[in-house]
Amino acid sequence: MAQFWQQIVGGLAAGGIYSTLALALVLIHRATGIVNFAQGEMGMFSTFIAWSLIENHGMEYWLGFALVLLISFAGGAGIYGAVIRPLQRGGELAIVIATIALLILLNGLAGWIWTPEVKAFESPFPHSLITIGDVVISWQDVGTIIVSFACVLVVFLFFRLTRTGRPMRASALRPRTSRLMGIRVTLMLAVGWGLAAALSAVAGMMAAPVLALEPNFMLPVLVYAFAAAVLGGIDGPVGAVIGSYILGVGISLLSTYVNYITVAPELQLPVALAILLVILLFRPSGLFGRTVVRRV
Amino acid sequence: MRLRPAALVQLVAIAAVAAFVATYPLYKSDYEATKLTLVGIYLIAILGLNLLTGYSGQITLGHGAFMGIGAYTTAILVTKTSISDYATIPLAGIAAGLIGFLFGFPALRLHGVYLALATFGGAVAFVSIVQSTHYQGLTGGATGLFFGPLKNPYYLTWGICAFLYLVAWLLVHSKAGRAFKAVRDAPIAAVSSGVNIALVKTLAFGIASAYAGVAGALLAIRLGSVSPLSFTVTLSILLLTGAALGGLGSLTGMIFGALFIQFVPGFAEDHVSKTAPQVGYGLILLAVLFLMPGGAAQLLHRLGTLLYRTTRPLYTRAARRAEAVATSTRSRT
Amino acid sequence: MPLLELEDVEARYGPIKALHGIALTVDEGQMVSLLGANGAGKTTTLRAISGIVRKSGKLQFAGKPLPRAADAIARLGIAHVPEGREIYGEMTVWENILVGSSFRRDRREARRDCEEVLEHFPRIKDRRRQQAGTLSGGEQQMLALARALVARPKLLLLDEPSLGLAPTVVSAFYEVVTRLNAETGLTVLIVEQNASIALDVTERAYVLEVGRVALEGSSDELKEHERVRSSYLGY
């Protein structure tokens, strides 16, 4: 029984990491109508910057964390303005290819600047364990859950309090008409990209102590986050977050209790995706997605 | 028969390519010719992808996996049976096509990003299954299968490519092709016109996958081996990128796409940055997107319009002269 | 005092010039219509005012030149209800109306305006939570108007509101607009192909032909004008 709870906590920690990245994906999808393939690599790049500041230059962790969030925000908005906005006339596919180009570019750039050697990324949380009765859980997991949830909450509150959620959605649906309503469309979309970049940075910095820092480390995280976002319904931020936790816990329990996967750990990802596909068959818009009615 | 200038440019382009391809091995080394064989293989693959994504509007991240299915079909048949490698090509195409057709059914319910995820999942699953120790007996696990020497099936590849190009062209210009485009552009209108969307979409998947399967088979024959890591999502992304840059919705553009897939990664490594070839590739990709958002097809179209504008005075002058002659002869009689 | 003044306005779509020097004025509190055949430049004129097309020339609003950015123009108090309504089909009716007021700083009053506006449109008030894309054409037109009104505009630009709508629906729509003009003094500039209803509800009109103003005058005058009658009124 103790193992069950330990697996739950581990799954929630993984889910927390996925949730920040999944929320970033949903933000971009709501803002620009596409899936940003480079979202994981943006997080990876930010994490390398964090490593450089904290490990290399000895900056205090949480100061570095905050600074990286600001840098990431600026970087995300900058990428929107410099790369995405000019290409919007080329159609959605052009933008998707652009994000693929960014993925390749960032991956190569990180390897070139910081070398592809695996680096250690220190966790801000104590290495000790918490014991509650029979159950033993790590501060790393608990800390990750708290930080991820806090960041997601901050983003939700931001949209609520500044009431930018709706104009941002409007900007994505019909940019020209939204301008006619006095909405600063470009600003909205740039903010969306900036926030998504900051969220990806959080995902990266939470995942790095566990996965170890090297240019490819965010790729599997992106896959799971993508799956979680789609599972929750790609247009719903709440659904994406819930979907992430479900996915995290689900995989954790599956790998412990289902023999097939413990026997062949490399089948973990395809089995998870297979289950996801089955769910999609019954709910093509994700678990919480709103099916859009098309009027004839 | 008066040809539209855009069509004329296309025909000229195809004729030029055909002439180039036919004579290339005669004056180039076998090593160089091999590179062009690969271009032909990629061209077959993205012709299929074009039909699926460009004409039928369904986005897929699994095309590389279907090449893998074709490749592994060839490898397994050659290893386990006495069928010759070349004979497996149509079988590989059929196998991939059938699986693609079956995949098309669940794909009907999914759109856009959901379909992308589903195909992505399928692609990852393919690699994992083929790589796993569980099925090692059949697929050779992580090391793959070796069944023959390195070959260069240059003329076979290009012959098949020309044939499949023609098939694609006929398909696109047929009633079926119009049905494809209708499903892509205005699905609701298509349904009310009696188009069986389900059939069109699943057929598109099947045909595209068959193309990929043939390409995969040829690749396997070229290498004499198959390995799971040759058919990952990276390949699918590479194919999608090449097709998009060639200009989705244009068959001739695909030639550029195939050339891009084969030569640009190497170019990036040699000429842009040796230590970070990906940086070079990413930058080139972005540059192409900025300069030609409509892909190479847009470039061709522009060339055609340019040609039309510069030669139009010639047409009208010639036409006027012809008419003057006609009226003068008429008045004489 | 003219609220809107256009002089020598030209506009282009890429290499194609659509307006070749438009001059018009709209006084405060007036209802003016822009008539003309397809392609005459009516919609382009509205777009030049609201800032979503490349333009040059003199455009003044309340005595000051219009800014360049479309969202800045909207915030000045010019609401443009575009051709084809352009409502957010994936949002609910209520959400659509809220979007119209999103730039307003006075949150509480904006919310109150949204509720109030909905009272003026009982037909869509009942469909508050319905997805906007499922509304009928007439309801969508009402929604588009409601959405524009919650911005509390000084000038309302209507682009072909009668397009694709049944005559009774069109009458109901113009009834609302006329009432608004009478009760609140809202200035309205209407682009219409349906010349007869436009001339009925407005005081003055301009007739555009091939990107230029061909005729102008009071609506009554133009109703009797020979060319207007034969080309646009059909009798």
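**Notes on the three-chain model**

1. Chains B and C do not touch: their nearest C-alpha atoms sit 15 Å apart. Contact here means C-beta atoms, placed from the backbone, within 7 Å. This is a predicted model, where local features need pLDDT of at least 70, side-chain atom pairs count only at pLDDT 80 or more, and totals for chains, interfaces and linings use all residues. Residues are numbered from 1 along each chain as its sequence is written, with chains lettered from A and ligands numbered from 1 in the order in which they are written.

2. As for A against C, 18 residues of chain A meet 21 residues of chain C. Helix 6 (165-173) and helix 7 (175-180) of chain A each give at least two residues to that side; helices are DSSP runs of H or I, at least four residues, and strands are E runs of at least two, numbered from the N terminus. The chain A side splits into 9 nonpolar, 2 polar and 7 charged residues.

3. Chain B has 14 helices and 2 strands, and its C-alpha atoms fill a box of roughly 90 × 55 × 45 Å along the principal axes. Among its contacts between residues at least 6 apart in sequence, 78% join residues at least 24 apart.

4. Chain C carries 10 helices and 10 strands. Its C-alpha trace spans about 45 × 40 × 35 Å along the principal axes. For contacts in chain C with a separation of 6 or more, 66% come from residues 24 or more positions apart.

Conventions:
Two residues are in contact if their C-beta atoms, placed from the backbone, lie within 7 Å. Ala, Val, Leu, Ile, Met, Phe, Trp, Tyr, Cys and Pro count as nonpolar, Asp, Glu, Lys and Arg as charged, and the others, Gly among them, as polar.
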